[in-house]
Amino acid sequence: MKFKKIKQLRKWINFFRINYDFHFPYKLLVDGTFLKACYDRKFEFKEKLTKLMHGQCWVQITTCVLNELRSIPQLKDLFDFAMSLPKLRCNHIEGLTPTECFKDLIQKNNTERYWVMTQDEELREYFNQFYPIPLFWISKDLKFTIEEPNKKCQKEIEKKKHNKYLPSAKELAVIKQVQKEQKEEELKKYFQKMDKIKNEMNIRIKKPAKGPNPLAIQKKKDKIIRKNKDQNKTRNRKTKKIRKRENHLRTKKVVKSNESE
Ligand SMILES: [Zn+2]
């Protein structure tokens, strides 16, 4: 008998071990159906399990399972073998069927982190609905295997892994604060730059105002020259008039002096 797809087995063993805190020594509950399957095939499941799970495996048998085996005379040899296993006192004084015994011990939360080894398909289906109960069994092709964890467990773990990479509320608050400070710093730099540009613009506008506009100077000069010309003209006209009058008076004086002679 061989393990069925060893990689797949280890994948699901690690899934339970890592995600649901199944720690050493592993506690395995075994029922009569599984024991019989191994005993009939002379399968050393304890050693194989220890090797497979890389650790100490503590295979236990409950009082209720032992009572069931004891009650079947044809299974005396199996009962003797079962008596060699560590016993778990389940405290079911009145005695339960192995199925009821396991359901009561494990319940729905499996707080004790038991691994269950059973050939009872109904029991496996029942446990596989809940959270998280690893189930070992021997397949029809005589290979040791593990039940795939239910989809609910798998989705839950995927979600946890996804959330692991997302920032927590505290980290988000820090990120928002940093982003806010960066934005404020950028705005501050932007306004400083704008102020600098404004100042430079003002300087450029004021500079020409300090000196006169050369075109305006040209016009002013032209105006002055024109004014001076006009003044000169008036002055010349006045001078001519005076001279003319003086000449006239001089001529008149000469004529008078001639007449008196
Ligand atoms: Zn019991």
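Are α2 and α5 roughly parallel or roughly perpendicular to each other? I will come to that after some background.

This is a predicted model, in which local features need pLDDT of at least 70, side-chain atom pairs count only at pLDDT 80 or more, and totals for chains, interfaces and linings use all residues. Residues are numbered from 1 along each chain as its sequence is written.

First, the whole chain. Its secondary structure comes to 10 helices and 7 strands; helices (H or I, at least four residues) and strands (E, at least two) are DSSP runs, numbered from the N terminus. The radius of gyration is 57 Å, well over the 18 Å that the globule rule gives for 261 residues, so the chain is more spread out than a compact globule. That radius is taken over C-alpha atoms, and the globule rule is 2.2 Å times the number of residues to the power 0.38. Along its principal axes, the C-alpha trace spans about 200 × 35 × 30 Å.

The domain assignment gives domain 1 (2-164), domain 2 (167-211) and domain 3 (214-261). Such bounds come from an automatic or database domain assignment. Between the C-alpha centres of domain 1 and domain 2 there are 68 Å.

Now the opening question. The axes of α2 (residues 32-40) and α5 (residues 76-83) come within 10 Å and cross at roughly 105°. Axes are lines fitted to C-alpha atoms, for helices over the stretch in contact, and angles run from 0 to 180 degrees between N-to-C directions. The two helices, α2 and α5, are therefore roughly perpendicular to each other. Angles under 35 degrees count as roughly parallel, over 145 as roughly antiparallel, 65 to 115 as roughly perpendicular and the rest as oblique. On the α2 side, Leu35, Lys36 and Tyr39 meet Leu78, Phe81 and Ala82 of α5; contact requires C-beta atoms, placed from the backbone, to lie within 7 Å.

Helix α5 also packs with α4 (residues 63-70), at an angle of about 155° and with axes 9 Å apart. That makes α4 roughly antiparallel to α5. Here the contact is made by Leu66, Leu69 and Arg70 of α4 with Leu78, Phe79 and Ala82 of α5.

Two backbone details remain. A cis peptide bond joins Phe24 and Pro25, with omega about -15°. Pro25 sits in the loop between α1 (6-19) and β2 (26-30). Asn91, a residue other than glycine, has a positive phi, near 60°. Its place is the loop between β4 (87-88) and α6 (98-106).

Conventions
Two residues are in contact if their C-beta atoms, placed from the backbone, lie within 7 Å.
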